[in-house]
Amino acid sequence: MTKSNKKTVSKDQSEELLKVLKDRFEHNMHRHEGFEWNAVQVKLEADPEKLWSLNEMERTGGEPDVVRYDEKEDTYIFMDCAAESPKGRRSVCYDREALEARKKFKPENSAIDMAASMGIEILTEEEYRGLQRIGEFDKKTSSWVQTPSAIRERGGALFCDRRYDHVFVYHNGAESYYAARGFRGSLRV
């Protein structure tokens, strides 16, 4: 028997996830004023793989919610809206190259690999700052963000957090990892 590699959720999982997402959507209208849940749900139900990715975001503690709508592409953008960097995605270095470069005490995974396996993108610095305009996130943790190749080629990677009511962008060696650093993702539906 051939096993399918298709990323889907069961009917029960789908119903439960849609309920969780709808409740979060309705309790956080400041994140998406003027949007209608029914329009979002129609898009989700039409794309089971995106629903699977949202389930992965939820399962790892991201608390995804709609934060934007791209009119040009007719897509809703979900981002992780957990108060702190998602618990199930912490203690990871930046990417595969950094993971392989570590000789001792390797983390289990990298942020880039984890995001790819979930079917999501790591936030850019610009997206991270946009998210911080609709709430206060990472007041005790930090999150890796997409790093320009010129920085990555020199061994570095960028991360962000919010301290003193200000969003900070920092650099670190891409191979570093900390219990309080994870990553936030986005998904276009």
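Modeller: We can start with how the model was treated and then go through your topics in turn. This is a predicted model, so local features need pLDDT of at least 70 and side-chain atom pairs count only at pLDDT 80 or more, while totals for chains, interfaces and linings use all residues. Residues are numbered from 1 along each chain as its sequence is written, and side-chain values use heavy atoms, with hydrogens and water left out.

Colleague: Fine. Which domains is the protein divided into?

Modeller: Domain 1 covers 11–80 and domain 2 covers 96–188. Those bounds come from an automatic or database domain assignment. The C-alpha centres of domain 1 and domain 2 lie 22 Å apart.

Colleague: How many residues does each domain put into the contact?

Modeller: Domain 1 gives 18 residues and domain 2 gives 14 residues. Contact here means heavy atoms within 4.5 Å.

Colleague: And what area is buried between domain 1 and domain 2?

Modeller: About 1400 Å², with 59% of that area coming from carbon and sulfur atoms. Buried area is the accessible area (1.4 Å probe) that two parts lose on being put together, summed over both.

Colleague: How many polar contacts and salt bridges cross the interface?

Modeller: Six residue pairs are in polar contact across the interface of domain 1 and domain 2, both residues being at pLDDT 80 or more. A polar contact is a pair of N or O atoms within 3.5 Å; within protein, one must be able to donate a hydrogen and the other to accept it, and residues adjacent in sequence count only if both atoms are side-chain atoms. The rule also finds two salt bridges across this interface. For a salt bridge, a side-chain nitrogen of Lys or Arg must be within 4 Å of a carboxyl oxygen of Asp or Glu.

Colleague: Which elements supply the domain 1 side?

Modeller: α3 (48–59), β1 (64–70) and β2 (75–80) each supply at least two residues of the side of domain 1 that touches domain 2. Helices (H or I, at least four residues) and strands (E, at least two) are DSSP runs, numbered from the N terminus. By class, that side of domain 1 has eight nonpolar, four polar and six charged residues. Ala, Val, Leu, Ile, Met, Phe, Trp, Tyr, Cys and Pro count as nonpolar, Asp, Glu, Lys and Arg as charged, and the others, Gly among them, as polar.

Colleague: On to R188. What does the R188 side chain pair with?

Modeller: R188 meets E73 in a salt bridge at 3.6 Å, N to O. R188 also forms a salt bridge with D70, where the closest N and O atoms are 2.4 Å apart. D70 is in strand β1 and R188 in strand β8 (residues 185–188), so this pair links parts of the chain 118 residues apart.

Colleague: Is D70 buried or exposed?

Modeller: D70 is buried, at 15% relative accessibility, whereas R188 is partly exposed at 30%. Buried means under 20% relative accessible area, exposed over 50%, and partly exposed in between (1.4 Å probe, protein chains only).

Colleague: How many salt bridges does the structure hold?

Modeller: The structure holds 18 salt bridges. One of them joins K43 and D74, with the closest N and O atoms 3.2 Å apart. K43 lies in helix α2 (residues 37–45) and D74 in the loop between β1 and β2, so the pair ties together parts that are 31 residues apart in sequence. Both residues are partly exposed, K43 at 25% and D74 at 36%.

Colleague: What about R184?

Modeller: R184 forms a salt bridge with D138, the closest N and O atoms being 3.0 Å apart. R184 is in the loop between β7 (181–183) and β8, and D138 is in the loop between α6 (125–132) and β4 (142–145). R184 is buried at 1% relative accessible area, and D138 is buried at 0%. Separately, E136, K139, R162 and D165 are linked in a network of salt bridges.

Colleague: Change of topic: which loop holds E63?

Modeller: E63 lies in the loop between α3 and β1. E63 has a positive phi of about 50° although it is not a glycine. Most residues other than glycine have a negative phi. S91, in the loop between β2 and α4 (96–101), also has a positive phi, about 60°.
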